[in-house]
Each structure stands twice: as structure tokens, then as C-alpha cells.
Amino acid sequence: MASKRQGQMPLIDHLRELRKRVLSSAIAIVVAFGGGWYFYNSILVALAKPVCDLRTAQTSGAASCGPLYISGVLGPLDLQIKVALMTAVIVSAPFWLYQLWAFIAPALHRKEKRNSFLFVTAATPFFIMGATLGYLILPIAIQALLGFTPESVSNLVRIDDYLDFVLRIILFVGLAFELPIFLLTFNLIGFLRGRTILKPWRAWIFSICLAVAALSPTGDPLSMALLSVPLILFYFIAGGIALLVDKKRDSKVENVETGSTKIAAPTPITE
């Protein structure tokens, strides 16, 4: 009875652990928020580049920059807070993703924790690659979307709406690159098999498209396709790798069981 109780974690301890992880993540976001606030103008210039050269407009003293505009007394302050906050969430993502996994890891066995090291080492570079790709495809996506503007019609874009679109794409694509890492990590620790991942492929595709439709910055088909297609490809690639891992794991287990059977086989006694 004592060993059973020692192997279980009371609910209050789970809540304390959750509070600790949430607090650590919040502190990281607040620290990154300070950096985003300090480098606000540089970040704004980089994010506005697909639409206009804001640095040149600021240097020349131009009254406007392309189709971007801002309105309202609180508009500039709201814009700086939004840019700093979204930048903080993106920059600190590797840290709070680690905190999420650290909250799950105590429930794993020692071998599973060793296999889950893949998540810790691969999550950060994959997120950085996804966020970078999201930033690199911005000019193509924005030019394609603005290209639907009818001729002789001005398309004025609120800068806060534009930045919300840009930052959400960067964050969403960065998190999308985490999908294969989660699936493969769960496969390595024995929670999911390759067949379990790939068997409900229709439901997965529907869920991915539904999530993209709900979280996409815009509801237009082009941006939804740009976000959903990579996710679906990552899903099938992760499922295929998981099948290979399962095949190798099953082969090892079969060899061990065969060897044990041979060793345990009784020697016939002749009289």
C-alpha cells in the first residue's frame, strides 16, 4: 500500500506543478515583452517590409507608407502593446513549449523520459524554422492577397490589422512545425503507434482544416491552403517515420522473445 501511494502524485501536487510551469512561462513572456517594447520600431520596420519600406519613409519624413494607416487616439499605444506582446509570445515560444513538456514528463517512466529528449532538442529548431518560413512567405502571401483588389480601387490597410495578420501567421507556422515533433515523441515513448497515427487520416485532415479555419488570420481560401497543406504533409511524414520506428522496435522485441524461448527450451531426457 505504501509503495502504491508513493507511485501516485496527489492532485494538489499536480496543481502546484501546473502553477509553477505557468508562472515560469509568464515570466519569460514578460521579459520578452520588455525586449519587444524596446525594439518596437525595428520590429515594426521588419514586419511592414512586405507592404512598404517604412525605414525609408521615416527617414524621408513621408506622411504615409504605402496603404498602411493608423487611426484613433489610443491606436499607437494599442499597436505598440500588440506588437510587443505577440513578439514576446513568439520569441519565448521555445521556453513555454519546454515548460509544457516538463509538466507532462514526470508521468513518464525513465526510459520514456530518455526517449522524450527528442522533443526538447528538436522543438526549438523546428519552431525557429517554422517562424522563419512564415516570415519568408509573407511577401508572396500578402502580394497575392492584395492582388485581388479591383482596379481603380484604393485598398487602405489598418496597420494593427496587418500586423495581427503577420504575427499570427509567423506564430501559427512556427507551431505547425511542432506537429511532427509531438507525434514522433509520443511514438518513441510508446503512447502512439504509426498505424494509430495514420489510420484515422481522414479525421486528421478534417481536424487540421478545421483548426486552420478557426485560427487562420483571415478566412480566405488562399491563406487557409498555405497553412493547412504543410500541416497535412507533416502529419503523413511523421506517420511514415513512426511506422519505420515501430517496425524496428517490433523486430527487436521479436528477436528478444525468440532468443528467450531458445534459452528456456528444456533439454530432452533420454533413458
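Q: On a 1 Å grid over the protein atoms alone, a pocket is an open set of points where a 1.4 Å probe fits, with protein on both sides within 12 Å along at least five of seven lines; what volume does the second largest pocket have?
A: This is a predicted model, in which local features need pLDDT of at least 70 and side-chain atom pairs count only at pLDDT 80 or more, while totals for chains, interfaces and linings use all residues. Residues are numbered from 1 along each chain as its sequence is written, and side-chain values use heavy atoms, with hydrogens and water left out. Grid points are joined across faces, edges and corners, and a volume is the space filled by probe spheres set on the points. On that basis, the volume of the second largest pocket is about 270 Å³.

Q: Which residues that line the second largest pocket are the closest to its centre?
A: A lining residue is one with an atom within 4 Å of a point of the pocket. There are 14 such residues around the second largest pocket, and the closest to its centre are Leu54, Cys65, Leu68, Ile70 and Ile159.

Q: Which element gives the most residues to the lining of the second largest pocket?
A: Helices (H or I, at least four residues) and strands (E, at least two) are DSSP runs, numbered from the N terminus. The elements that give two or more residues to this lining are α3 (40–48), α4 (54–60) and β1 (68–69). With three residues, the element that gives the most is α4.

Q: How many charged residues does the lining of the second largest pocket have?
A: In this classification Ala, Val, Leu, Ile, Met, Phe, Trp, Tyr, Cys and Pro count as nonpolar, Asp, Glu, Lys and Arg as charged, and the others, Gly among them, as polar. The lining has twelve nonpolar and two polar residues, and the number of charged residues is none.

Q: Which residues does leucine 68 contact, leaving aside its neighbours within four places in sequence?
A: Contact means heavy atoms within 4.5 Å. Leucine 68 belongs to the residues with the most contacts inside the largest nonpolar core. With its sequence neighbours within four places left aside, leucine 68 is in contact with Ala48, Val51, Cys52, Val157, Ile159 and Tyr162.

Q: With which side chain does the side chain of aspartate 160 make a polar contact?
A: Aspartate 160 is found in helix α10 (residues 159–176) and is buried, with a relative accessible area of 16%, where buried means under 20%, exposed over 50% and partly exposed in between (1.4 Å probe, protein chains only). Not counting residues up to four places away in sequence, aspartate 160 touches Leu79 and Lys82. A polar contact is a pair of N or O atoms within 3.5 Å; within protein, one must be able to donate a hydrogen and the other to accept it, and residues adjacent in sequence count only if both atoms are side-chain atoms. At 2.7 Å, the partner in this polar contact is the side chain of arginine 158.

Q: Is glutamine 99 buried or exposed?
A: Glutamine 99 lies in helix α6 (residues 93–104), and a polar contact of 3.0 Å joins its side chain to that of arginine 21. Beyond four places in sequence, glutamine 99 touches Arg21, Ser24 and Ser25. Because its relative accessible area is 5%, glutamine 99 counts as buried.

Q: Why is helix α11 (residues 179–188) described as largely enclosed by the rest of the structure?
A: The buried residues of α11 are Leu179, Pro180, Ile181, Leu183, Leu184, Thr185 and Asn187. Helix α11 is largely enclosed by the rest of the structure because the buried share of its ten residues is seven.

Q: What distance separates the C-alpha atoms of isoleucine 29 and alanine 93?
A: Isoleucine 29 is placed in helix α2 (residues 11–38) and counts as partly exposed, at 23% relative accessibility. Not counting residues up to four places away in sequence, it touches Leu85, Ala88, Ser92 and Trp96. Although isoleucine 29 and alanine 93 are 64 residues apart along the chain, their C-alpha atoms are separated by 8.5 Å.

Definitions and conventions: Core = buried A, V, L, I, M, F, W, Y, C linked by side-chain atoms within 4.5 Å.
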